[in-house]
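Biologist: I would like to learn how to read packing in a model like this one. Please take it feature by feature.

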Amino acid sequence: MPVVTTSFEDAFQSVNSAIASASAFVYDHSMGWVMMFILLGGGIYLTIRGRGLQFRLFGHMISTVLGSRKGAGDDGISSFQAFALGLADRVGTGNIAGVAIALVLGGPGAIFWMWIVASIGMATAFLEATLAQVFKVRNPDGTFRGGPAYYMAHGLGWTKFAKVFAVCLIFTKGCAFEMVQANTVATTVKAVYGVPTWTTALLLLLISAPFIMTGVKPVARLAEFLAPVMAIAYLTLGVAMLVINYDAIPTVFGWIFSYAFGIESITGGVAGGIVIAMLQGTRRGLYSNEAGMGTVPNAAATATVNHPVRQGLIQSLGVFADTMVVCTCTALIIMVSGLYDPTRQMDSVDGAALTLQAVGTLGEWTTPIMVVIITIFSYSTLLGNFAYAEGNVKFLRGISSNCTGLKLLILVSMTLGAVLDLKAVWSIADWMSAICACLNIVAVIALSKWAIGALRDYQAQRKSGIDPDEIVFCTTENPFLPDDLIGSMWTEDAWTRKLNRGVHHPRKPGDFLGWLMREDL
């Protein structure tokens, strides 16, 4: 008589699928829409409040990034390293797989709305990164930590909300997203080369442990190298695709604009086509660049800068690099490859596989390159997630915490993530990140007067002729800020610190601030 047995793996898969299905249904029909409304509405408000800062200061953003590798010293993290940490988290598998899914489900018009989301999100990214700098605190080793939990608690007094945010972000970035990224690497390598997932899990553990166990500075140094190099490699393949298929470029851009406004649509007529394109473009854009979600400010706070606005400008440009450059590259690669037909709707698609096939039209030699790019994108995101979670553990446990528990959690999560099916984990992470986003955008709007005040202070000093590298920030007796920020790391007389380093200015701090107050901005 046969014996019916239920293995642990079968039971796990059943529970996993049930939780994922229930969570995804509720999220897609409620919380997902709420989060999009809050993030987009908040972004539009902040764009107006900042007088379109992402457009009028775009050129200065580029020059700021180009000069951001210096200034950290031996103990801190440079502005460019903090930018690279943010870029490492933003530029990941979502740029490769997520854009492909948006194209299939929302049509070429989704790319246009992704651009709109990025343009709006640049303002949000600027303000949240600037606030992270204004309210950051110093670690014993000379580095800094900060982010939404810190400006919620120190700027608004929302201590309980800050703790909820910190817990949600630690789970999302320190556990769930680590598992998802490791799973992406393992499944991709297995599909292409047949390498067992447990082998990939072991390799990820071996190459991650030395960086994660030693803290955020080694992670920042590695991200400074990995994120830009892999992005450039991927963009190079994209340029090659466009050069070879140059005759398809006008057609592709025609698709993007015609499908965006319902002139042509995959399904649902004109109105339905616009809604579908907006929905998919908005969702993928928000998840890709993370503007307003409260994640990247944790990296922005770690930078050593002379004025908070400089890091705000750099992180704002990160949204542009992620969506307008890398995501657009993926979309164009797929559309010019000849494999994509906007008139044919597909029921399901493996986004990463579609992108791999599209690049593969250049030749089989591209397959190993794309596997390496996907792997490094995922790996750099694994490291970037650690930097985000670490600051929030210290917010909850205190500045002296060595975050050993978090480090072990991350290593265990990436190991398990490489070998398990993660449907339920991904669904729960969606909810956690949605809570983070809603709490963060409300806090950013409430504190926007601080970021706008810091921007006015920065612009006034630039207008006076001071070199941007010599612009400094004080949170006491600053006429552009809503109040004195007593107890912050910016209260020490910044002008005196500059003078001690041999930088001389013709005015005393008090006289200079009085003169700035009379400037017409």
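Biologist: At what angle do helix α7 and α8 pack, and how far apart are their axes?

Modeller: Two packed helices are described by the angle between their axes and the distance between the axes. Here α7 (residues 148-156) and α8 pack at about 175 degrees, with axes 8 Å apart. Axes are lines fitted to C-alpha atoms, for helices over the stretch in contact, and angles run from 0 to 180 degrees between N-to-C directions. That angle makes α7 roughly antiparallel to α8; angles under 35 degrees count as roughly parallel, over 145 as roughly antiparallel, 65 to 115 as roughly perpendicular and the rest as oblique. Helices are DSSP runs of H or I with at least four residues, strands are runs of E with at least two, and both are numbered from the N terminus.

This is a predicted model, in which local features need pLDDT of at least 70 and side-chain atom pairs count only at pLDDT 80 or more, while totals for chains, interfaces and linings use all residues. Residues are numbered from 1 along each chain as its sequence is written, and side-chain values use heavy atoms, with hydrogens and water left out.

Biologist: Which residues in α7 and α8 meet?

Modeller: Pro148, Ala149, Met152 and Ala153 of α7 meet Phe161, Ala162, Phe165 and Ala166 of α8; contact means heavy atoms within 4.5 Å. By class, this contact has eight nonpolar, no polar and no charged residues. Ala, Val, Leu, Ile, Met, Phe, Trp, Tyr, Cys and Pro count as nonpolar, Asp, Glu, Lys and Arg as charged, and the others, Gly among them, as polar.

Biologist: How do the axes of α8 and α17 cross?

Modeller: The axes of α8 (residues 159-193) and α17 (residues 404-417) come within 7 Å and cross at roughly 30 degrees. That makes α8 roughly parallel to α17. Residues of this contact include Gly174 and Cys175 of α8 and Ser413 and Met414 of α17. The contact divides into nine nonpolar, four polar and one charged residue.

Biologist: Which residues touch the most other members of the largest nonpolar core?

Modeller: In soluble globular proteins, nonpolar side chains tend to be buried together. A nonpolar core is a set of buried Ala, Val, Leu, Ile, Met, Phe, Trp, Tyr and Cys residues joined through side-chain atoms within 4.5 Å. Buried means under 20% relative accessible area, exposed over 50%, and partly exposed in between (1.4 Å probe, protein chains only). The largest core has 60 residues, of which Leu127, Leu131, Phe135 and Tyr151 touch the most other members. Helix α6 (residues 109-134) supplies the largest share, eight residues. A second, separate core of 41 residues includes Met114 and Leu354.

Biologist: Is Thr355 buried or exposed?

Modeller: Thr355, in helix α15 (residues 351-359), counts as buried, at 0% relative accessibility. Leaving aside residues up to four places away in sequence, Thr355 touches Ile96, Ala100, Tyr234, Thr330, Ile334 and Met370.

Biologist: What is the phi of Arg51?

Modeller: Most residues other than glycine have a negative phi. Arg51 has a positive value, near 55 degrees. Arg51 lies in the loop between α1 (8-49) and α2 (53-56) and is exposed, with a relative accessible area of 52%. Glu477 also has a positive phi, of about 55 degrees, and lies in the loop between α19 (448-463) and α20 (494-500). At 62% relative accessibility, Glu477 counts as exposed.
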